[in-house]
Amino acid sequence: MIRTILPLSIAILLAGCASAVPQGRVGTNPPPHAPATTSQAVRVPATRPPPPAAEGFRVPKVMNSTGLEAVIGQNKAALERSFGTPRLDVWEGDARKLQFSGEACVLDIYLYPLRPGAEPTATYVDARRASDGLDVDKAACAKALHR
């Protein structure tokens, strides 16, 4: 009988611990979070960081892929003319990521300056399905999202 009661008692104790309300949250519910959709735009302040010091600058590798000739080498303004307002616009150091999305796919375009202090231009592209995140053909995605 002890073999039955002991595991049952431990299970009840663990269940009680798992449902405990964290301290400071008694009587409150967390705010509801709406799932992100492809129509929601996330805005990150797009203030341009100072240019990197010339001695710390690394020349980026530029993607060379058939079907992306109209994307690679373009600046933000040209990409917005082609794809509209980006869903994401994020700076990280002197690099920038623009994300465009639609029914067909999500297109991430990475812009890097080709020399110190230069305006970042598209050097790399990645594409995936919005539904499950699986990779899709980059050129086909760019074509599907092109306005």
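The model is predicted: local features require pLDDT of at least 70, side-chain atom pairs count only at pLDDT 80 or more, and totals for chains, interfaces and linings use all residues. Residues are numbered from 1 along each chain as its sequence is written, and side-chain values use heavy atoms, with hydrogens and water left out.

**The strands**

Select residues 106-112, which make up strand β3; helices (H or I, at least four residues) and strands (E, at least two) are DSSP runs, numbered from the N terminus. Five of the seven residues of β3 are buried, where buried denotes under 20% relative accessible area, exposed over 50%, and partly exposed in between (1.4 Å probe, protein chains only).

To locate one of the bridges, select S101 and its partner in β3, V106.

Next, display residues 121-128, strand β4, which is antiparallel to β3 and pairs with it over seven bridges. Here Y112 has T121 of β4 as its bridge partner.

**The disulfide**

Select C105 and C141, whose sulfur atoms are 2.0 Å apart and form a disulfide; the criterion is a pair of cysteine sulfur atoms within 2.5 Å. A search of the whole structure finds one disulfide. Because C105 lies in the loop between β2 and β3 and C141 in helix α3 (residues 138-145), the pair ties together parts that are 36 residues apart in sequence. The torsion about the S-S bond is about 100°, so this disulfide is right-handed. Both C105 and C141 are buried.

**The aromatic pairs**

Rings of Phe, Tyr and Trp (its six-membered ring) pair if their centres lie within 6.5 Å; planes under 30 degrees apart count as stacked, over 60 as edge-to-face and the rest as tilted. By this rule there are two aromatic pairs.

For one of them, select F83 and F100, a tilted pair at 5.2 Å centre to centre with 40° between the planes. This pair links helix α2 (residues 76-83), which holds F83, to strand β2, which holds F100, across 17 residues of sequence. F83 counts as buried at 9% relative accessibility, and F100 counts as buried at 2%.

Then select Y110 and Y124, also a tilted pair, at 6.1 Å centre to centre and 45° between the planes. Y110 belongs to β3 and Y124 to β4, 14 residues apart. Y110 is partly exposed at 22% relative accessibility, and Y124 is partly exposed with a relative accessible area of 36%.

Methods:
Pairing = 2+ DSSP bridges.
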